[in-house]
Amino acid sequence: MTDGRRIAILGATGSIGAATLDVVANLQRHAPDAGWRVMSVSGHSRIEELVRSAEAASPKPRTIVVSDGQKITEAEEEISRQGLTGHCQLDTGADALVRAATDPEVDTVVAGIVGRAGLESTLAAVQAGKRVGLANKETLVIAGPVVTAAATSSGSELLPIDSEHSAIYQCLAEARGLASTRSASQPVCDANDSRATAEANGRCDFGSPNHAFPGVRRLILTASGGPFLNSSREEIDAATPAEALNHPTWDMGEKITIDSATMMNKALEIIEAKWLFDVPADRIEVVVHPQSIIHSLVEFEDGSVIAQLSPPDMRLPIQYALTYPHRLPCPAPPLERTQRWDMSLIPVDLERFPALELGFEVARVGGTAGVVLNGANETAVPLFLSGKIRFTDIARLCKQTLQDHNHESAPSLARLLELDTWSRQRAAQLAETISVA
Ligand code: NAD
Ligand code: MG
């Protein structure tokens, strides 16, 4: 029997958080004695929903974290209204996220907060040596080298929840698992392996025999193409928030849905892959796959390509991050063989989706570029949603903000945080100069 994990769900009221709660409830049904347990749930708003998720969990989470410190009274009233006083303790404010992430009784943290707001708690979980199910890709985009170095020194396992990175992780794990002479109890495909090996050997190029992933030539991320895959440049320029929020295959939070429409999401994922798999930008490719069934592919030196397939449902990559290296029954539907599945792979169009080029560029130069791209994008998305800038201005603002910053190759965390603030201010200033037609 696979031992259950004691899990902190950060961002429990979001799309990833809700799917995680479902996965854990299913694992508990499947193996009631294994000890699967949600230790804490966090939310920033939608307090009623947050408390309801705690109420529905069994056993009840020990802690309900309300990260917005202004909502203490509302949270206390809701906890009392739903009969949880005495069952769950309330902890509030941004620091409470760090406390939940580093709780000694927690062994696994699901980082499901959106954007930069998830940085401190995710990093704290990594520093505390927890297994981290990483949905919050922005943390790696902002501070990839800091996070991966912390994982190497603490022994934290970074398990991607992002479906593309989970797919790559699964392909590499399966490929290496079969080829490996290691014993089954040793983890294969530890994302930190290559960095540890690099330290031991001095040099460790991606794909080389010393690298954690020998024989791998390229990682190929799939992209659905979003709602504007077949739109003209003019149509994309005139896109409304409602059109951009209408994703054809995935049901996700607002910010990542807009990121998918601009393909900034794929840009962030290129950078995420760079840090997660220790792979240079020129070994990462993106291919459009509108059906979102092939979640990504790995190409080996002999030209063989291994892919991971499943219907678009985040519960599978979430569960994999929780149960790895084991596989257990999952509530996500399987790929039905009674219906026809058409799967196309289409080259990307960098002209209509210029955000992608920014992703490759930032992955190439590293350093301070990631935090600046992310800060500009997190500023531009709400400006688009509130009608202050046009859809295509999002990538334009990000590009200009990147050009306006003085690149540094090895910034400290403190410097990255300064640049996070700077990039938001710069992008907001630039937006002032843009008039919405
Ligand atoms: P969401 O908007 O549905 O949920 C976001 C969560 O973050 C909520 O629980 C919210 O309360 C919390 N939050 C928001 N602002 C906060 C703040 N200032 N402080 C603390 N908590 C805050 O988002 P989502 O779609 O679940 O995405 C979460 C993360 O997972 C993002 O980084 C996204 O890129 C990534 N991701 C999501 C999906 C998906 O299918 N939804 C897929 C891959 C990756
Ligand atoms: Mg993804």
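This is a predicted model: local features need pLDDT of at least 70, side-chain atom pairs count only at pLDDT 80 or more; totals for chains, interfaces and linings use all residues.
Close-up 1. Ser292 is not a glycine, and yet its phi is positive, at about 50°.

**Close-up 2. Asp278, a partly exposed residue with a positive phi.** Asp278 has a positive phi of about 55°, although it is not a glycine. This residue lies in the loop between helix H12 and strand S9 (284–288). Is Asp278 buried, partly exposed or exposed? With a relative accessible area of 25%, Asp278 is partly exposed, since that class covers values between 20% and 50%.

**Close-up 3. The magnesium ion (ligand 2) and its protein donors.** Which residues donate to the magnesium ion (ligand 2)? The protein donors are Asp162 (OD), Glu164 (OE) and Glu269 (OE), and they lie 2.1 to 2.3 Å from the ion. Read along the chain, these donors follow the spacing D-x1-E-x104-E. Distant parts of the chain are linked in this way, with Glu164 in helix H7 (residues 163–179) and Glu269 in helix H12 (residues 264–277), 105 residues apart. Glu164 is buried, and Glu269 is buried too.

Close-up 4. About 420 Å³ of space lies in the second largest pocket. Its lining is made up of 20 residues, and those nearest its centre are Glu351, Arg352, Pro354, Thr392 and Ala395. By kind, the lining residues divide into nine nonpolar, two polar and nine charged. Helix H9 (233–237), helix H14 (355–365) and helix H16 (393–404) each supply at least two residues of this lining, and H14 gives the most, with five residues. Why does the second largest pocket lie between domain 2 and domain 3? Domain 2 (163–312 + 334–361) and domain 3 (367–437) both give residues to the lining, so the pocket lies between them.

Close-up 5. The peptide bond from Ser58 to Pro59 is cis, with omega near -5°, and Pro59 has its place in the loop between helix H2 (47–56) and strand S3 (63–66). A cis peptide bond also joins Tyr324 and Pro325, where omega is about 5°. Pro325 sits in the loop between helix H13 (315–323) and strand S12 (346–347).

Methods: Residues are numbered from 1 along each chain as its sequence is written. Chains are lettered from A and ligands numbered from 1 in the order in which they are written. Side-chain values use heavy atoms; hydrogens and water are left out. Donors are N, O and S atoms within 2.8 Å of the metal (3.2 Å for Na, K and Ca); water is not among the atoms, so sites may look incomplete. Helices (H or I, at least four residues) and strands (E, at least two) are DSSP runs, numbered from the N terminus. Buried means under 20% relative accessible area, exposed over 50%, partly exposed in between (1.4 Å probe, protein chains only). On a 1 Å grid over the protein atoms alone, a cavity is a set of points where a 1.4 Å probe fits but cannot get out, and a pocket is an open set with protein on both sides within 12 Å along at least five of seven lines; lining residues have an atom within 4 Å of a point. Grid points are joined across faces, edges and corners, and a volume is the space filled by probe spheres set on the points. Ala, Val, Leu, Ile, Met, Phe, Trp, Tyr, Cys and Pro count as nonpolar, Asp, Glu, Lys and Arg as charged, and the others, Gly among them, as polar. Domain bounds come from an automatic or database domain assignment.
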